[in-house]
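Here is a short briefing to read with the model open beside you.

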Amino acid sequence: MAVPAGGQVRIDWEAVERAPEFQELVRRRRRFVAPATAFFLVWYLGFIVLAGYAPGFMGESIYEGFTVGYLIALTQFVMVWWLAAWYIRRSDRELDPLRAAAAAQAQRDVDRQRADHAARFSAGEEAGR
Amino acid sequence: MTPVFAEVNVEAVVIFGLVVAITLGITYWASKRVRSATDFWAAGRGISGPQNGFAIAGDYMSAASFLGIAGLIFLYGFDGFLYSVGFLVAFLTVLFLLAERMRNAGKFTIADVLSFRLRERPARVAAATGTLAVAAFYLIAQMVGAGALIQALVGIDYNLAILLTGVFMLVYVVFGGMIATTWVQIIKAVMLMAGAIGLSILVMNRVGWNPVELFNRAEAQAGGGSFSLAPGALYTNPVDTVSLGLALVLGTAGLPHILMRFFTVPDAKAARSSVLWAVILIGAFYIMTTALGVGARAFLGEAGVEAAGAGANLAAPNLAQFLGGGAGTFGGDALLAIIAAIAFATILAVVAGLVISASGAVAHDLWSNVVRKGADSEHEEVLVARIAAVAIGAISIAIAIGGGKDLNVSFMVGLAFAVAASANFPALVLALGWRRFNTVGAVTGVAVGTFSSIFLVLISPKVWPGPDSEGGLLPFYDLANPGIVSIPLGFLACWAGTMLSREHGNERSFHELYVRSETGLGAEAAPAASPGPQRAGTRVPTSA
């Protein structure tokens, strides 16, 4: 028997938010994203500030015309690739399972509501008979 | 009147024709797949991560970043490189702060995310204003640049070049929606990468694959000009340089046409992997641009500065011609034609992305949800989107032709980034992360961010009292890039507006937005998960 559609079935967002899986997800994501963001902003803005205030240092040749400035610029490229790849690896391995757990918990909650709803519906049918 | 076809580069026109034929074919194919609003704005959410990575690269790297940065490096050496570094690093902001959460929380536009937890109509009007301001400045700059560039490369008259660009852009968007736009962007990214790889190989081959040799040759060719391997040749005001850097790094995360791309993938996992693909492509491209700019200096020298034209935009095409064997040779003309065609494809992909994001702001945000309050049919929404695209395209064509190629657009791309960083970015980040944030905060933030950017650019030396004048309106303010002032102002206004208003009661929808953006629970589903015509098929029913 199909459970009648009803507005009663809804995700309890606050419950999901309070769940340990969700808290752990947010904590772990922040623990990566906050320092990583601070790092890349400092590294990048430091590069710009050095280019602005220390052109002599940045123009110094390391090896036959290859300058400090270019070296630091190249580290920016490596940093972007590395941080992006690291974040994605970590998301796939650590964060996605936590997301799945939070979703599963919400799904169980919804299933329970549905079951309650169905039980109430058939009880109502019986009472009406 | 000057003849329309003076000294037309026939090879270039033939390759143009080929590009146009292929993209129109794709548009025809796409047009039969555009049925719903999700198809029109989000390509049915059926674009894969790698495909979206190519499309982001195609959407992002404008002719300015291809020919413009190569030209700047050719002219100024190191300082030209600062731009490309900022453009790339910006994607970490996108990846860490917005990509996945946008995909999880939104539907088609920036406004979807704001209006999720804020009062719908003011939030949508604010977000649409920010989107349209960014798209307008960016689009006009692209169109004027396109006209001048195509005229120089191919010999087609400026007005005709703009008209052609505008018409093709509209055909892609109006008939093929996001599906056609995406594939135009993918094709462009492939062409752009192939062109850059080819030219880089030719450059490196000439210096025996020794980068140090390339740098040395370039330095030897400085010829008393502005070229320098040390900083300071182009940017003389360090505060201004930092200001520009900030606007690039935060502004990319507020560009509507880039954020919109994340709605085209099936889920948040694909959204984040598309950023990895995009940074691999964009990073490799900018490193190659350096080889092209430094190579142009090494082989064309100071003598090539005049032939490179305004902003040395033609440095890379001239380098291609030189590497192919020089002007008049078959190889030289063929390479020049190929680079010209790549530049054309580049422009088309970017302007199409801008127009479709602007059409989302007008049709989905302003028309559907503000004027009609969601009472319109999906058919009407897509129809209005198409009309809006035509209107936006027509206006931008008219401004570009009416203003002429001498219209001062040098500040417009910078202004677009400044508005994106000062208006869109603070509102989005706070809406996703700050529990207390409210509608008044979002509206004041977007308003202050947008208008302070515009005002500061208007009084900057680049614009006031005339184009590229010295001084500016205020004696103590001489920054060309407003970001360092306008970005903190945007955040401050978001905070002040929130704290000064007594508005509460958005707590509940914040819980939902918060959980949804982090987990993807209840997010707009991919087509495979929701067969059938329903608009928001979700794995778990939402409270709606």
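Predicted model: local features only at pLDDT ≥ 70, side-chain atom pairs only at ≥ 80, totals over all residues.

Chain B and chain A meet through 55 residues of chain B and 58 residues of chain A. Together the two chains bury about 5,100 Å², and carbon and sulfur atoms account for 74% of that area.

**Where chain B touches chain A**

- Three residues stand out on the chain B side: B:Phe96, B:Arg272 and B:Glu518 supply 13% of the area that chain B buries against chain A, more than any other three residues.
- Polar contacts link 12 residue pairs between chain B and chain A, counting pairs with both residues at pLDDT 80 or more.
- On chain B, the elements that give two or more residues to this side are helix 5 (78-105), helix 9 (211-220), helix 10 (238-251), helix 12 (268-300) and helix 19 (507-519).
- Helix 5 of chain B gives the most to the side that touches chain A, with 14 residues.
- Sorted by class, the side of chain B that touches chain A holds 32 nonpolar, 13 polar and 10 charged residues.

**Salt bridges around B:Arg272**

- Over all chains, the whole structure has 21 salt bridges, and 7 salt bridges are found across the interface of chain B and chain A.
- B:Arg272 has a salt bridge to A:Asp96, with the closest N and O atoms 2.6 Å apart.
- B:Arg272 also meets A:Asp92 in a salt bridge, at 2.6 Å from N to O.
- This second pair joins two chains, because B:Arg272 lies in helix 12 of chain B and A:Asp92 in helix 4 (residues 68-128) of chain A.
- Shared partners tie the salt bridges of A:Asp92, A:Asp96, A:Arg99, B:Glu100, B:Lys269 and B:Arg272 into one network.

**The pair B:Arg435 and A:Glu17**

- Another salt bridge joins B:Arg435 and A:Glu17, whose closest N and O atoms are 3.0 Å apart.
- This pair crosses between chains: B:Arg435 sits in the loop between helix 16 (412-433) and helix 17 (439-458) of chain B, and A:Glu17 sits in helix 1 (residues 13-18) of chain A.
- B:Arg435 is partly exposed, with a relative accessible area of 34%.
- A:Glu17 is buried, because its relative accessible area is 9% and buried means under 20%.

**Chain A by itself**

- Chain A has 4 helices and 2 strands, and from the N terminus on its elements run α-α-α-β-β-α.
- Of the 129 residues of chain A, 38% count as buried.
- When contacts in chain A between residues at least 6 apart in sequence are considered, 71% join residues at least 24 apart.
- Within chain A, A:Glu24 and A:Arg28 form a salt bridge, with the closest N and O atoms 2.8 Å apart.
- A:Glu24 and A:Arg28 both belong to helix 2 (residues 20-53) of chain A, and they are 4 residues apart, about one turn of the helix.
- A:Arg28 is partly exposed, at a relative accessible area of 26%.

- B:Gly147 belongs to helix 7 (residues 120-154) of chain B and is buried, with a relative accessible area of 0%.
- Apart from neighbours within four places in sequence, B:Gly147 is in contact with B:Tyr158, B:Ala161 and B:Ile162.
- B:Gly147 and B:Ala400 are 253 residues apart in sequence, yet their C-alpha atoms are 8.2 Å apart in space.
- B:Ser453 is part of helix 17 of chain B and is also buried, with a relative accessible area of 0%.
- Setting aside neighbours within four places in sequence, the contacts of B:Ser453 are B:Leu415, B:Ala418, B:Val419, B:Ser422, B:Val448, B:Pro482 and B:Ser486.

Notes
Residues numbered from 1 in each chain as written. Chains lettered and ligands numbered in written order. Heavy atoms only, no water. Contact = heavy atoms within 4.5 Å. Buried area = accessible area lost by both parts, 1.4 Å probe. Salt bridge = Lys/Arg side-chain N within 4 Å of Asp/Glu carboxyl O. Polar contact = N/O pair within 3.5 Å; in protein donor to acceptor, adjacent residues only side chain to side chain. Nonpolar A, V, L, I, M, F, W, Y, C, P; charged D, E, K, R; others polar. Buried < 20%, exposed > 50% of the residue type's maximum accessible area, 1.4 Å probe, protein only.
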